[in-house]
Amino acid sequence: MLALMSVRKTLKVVHFAGTVWFMVCVGSILVLALRQAGFRWLVIFSLSGHSALLIFLLISLYLFAVFRSVNRSQKIEVEHPLTSTNCYMFFYVVAPFWGGLAGTLGMMGEYRISHFLLGIALGTLGTTFLVWVIVDPIAGLVEMLLPASRRHRLKRLAQSKAQRKKQQMDREHLLAEVLSREELDRLYWQEMLKPQAEKLAGLLTVDRINFKQAEREAVDIGLKAWQVGGLSCMRQLRDMAISVSKNQYRHSVIIDYISGWWDGIGTWRNPSLG
């Protein structure tokens, strides 16, 4: 395992270095082409400065994609028996250096420095383009058409679909259990909280003289409801109290003091203050 991690880390470092070398060669080709076209250095540096951010973003995206390909899982290795091997990945990431070597050998005997460097850069560009853009996609396509790769891919997709379906069923089952438990709690609280709801309904019609006492009693009732079932229990008790109050005191104006009385109990907050 440690050896495999070391190999993958080495591949990442080599690939980063190869990508930097590739971008240097591409930049050199552009600079030499502009110089041959008669552009001055000031103009060239101005153009390259505006392109630096775009080039950096492209390199970052490309490195991310290739780093993911280096860290392929065992399933992908089964479907890609060639391109997932360390030998192939080494060949892939070293492509810019192969191109540079080929360009160097091809320009042997050239004494003009600019032409010599241009040959190295063109060799790097051509080889990298050939390996990264043509050879690698074709190799991956051929692997996907192999019978063993196709069978494994279909099996993997079927397993993934079954796993997602099972997770969905588990979530639905869990949701049904939660809803069923909440319904049982509501039925239980409906009977247990009936006396407290009737008492709260009576406190809503208290006069100003006894208002403070009514508030203290309401707070005690709310605190007990919070201890029994939290916010859900308090809401149900409050709704029950309002309903009882409207039924018993139809000719009176019912003001919801409960929301204000209970403000600060547990997670209860007065909606009018929100």
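These legends describe close-up views of a predicted model of one protein.

Residues are numbered from 1 along each chain as its sequence is written. In this predicted model, local features need pLDDT of at least 70, side-chain atom pairs count only at pLDDT 80 or more, totals for chains, interfaces and linings use all residues, and side-chain values use heavy atoms, with hydrogens and water left out.

**View 1**
The protein has ten helices and zero strands. Helices (H or I, at least four residues) and strands (E, at least two) are DSSP runs, numbered from the N terminus. Of the 274 residues, 25% are buried. Buried means under 20% relative accessible area, exposed over 50%, and partly exposed in between (1.4 Å probe, protein chains only). The accessible surface comes to about 18,700 Å². Carbon and sulfur atoms hold 66% of that surface. Accessible areas come from the Shrake-Rupley method with a 1.4 Å probe; for residues, only the protein chains shown count as cover.

**View 2. The largest nonpolar core.**
A nonpolar core is a set of buried Ala, Val, Leu, Ile, Met, Phe, Trp, Tyr and Cys residues joined through side-chain atoms within 4.5 Å. The largest one has 21 residues. Leu200, Leu203, Leu237, Ile258, Trp261 and Trp262 have the most contacts inside it. Helices α8 (194-203), α9 (211-248) and α10 (258-261) each supply at least two residues of this core. Helix α9 gives the most, with ten residues.

**View 3. Leu200 and its partners.**
Leaving aside neighbours within four places in sequence, Leu200 is in contact with Ala218, Ile221, Leu237, Ala241, Ile258 and Trp262. Contact means heavy atoms within 4.5 Å.

**View 4. Ser149 in helix α7.**
Ser149 sits in helix α7 (residues 147-192). Ser149 is buried, with a relative accessible area of 3%. Not counting residues up to four places away in sequence, Ser149 touches Val78, Glu79, Pro81, Glu143 and Met144.

**View 5. Helices α2 and α5, the two ends of confidence.**
pLDDT is the predictor's confidence in each residue, from 0 to 100. The protein averages 79, and 80% of the residues score at least 70. Confidence is lowest in helix α2 (residues 41-70), at a mean of 51. Confidence is highest in helix α5 (residues 95-106), at 89. Over residues 42-50, pLDDT stays under 50. For residues 42-50, the model has five contacts beyond four places in sequence. Where pLDDT is low, the predicted coordinates should not be read in detail.
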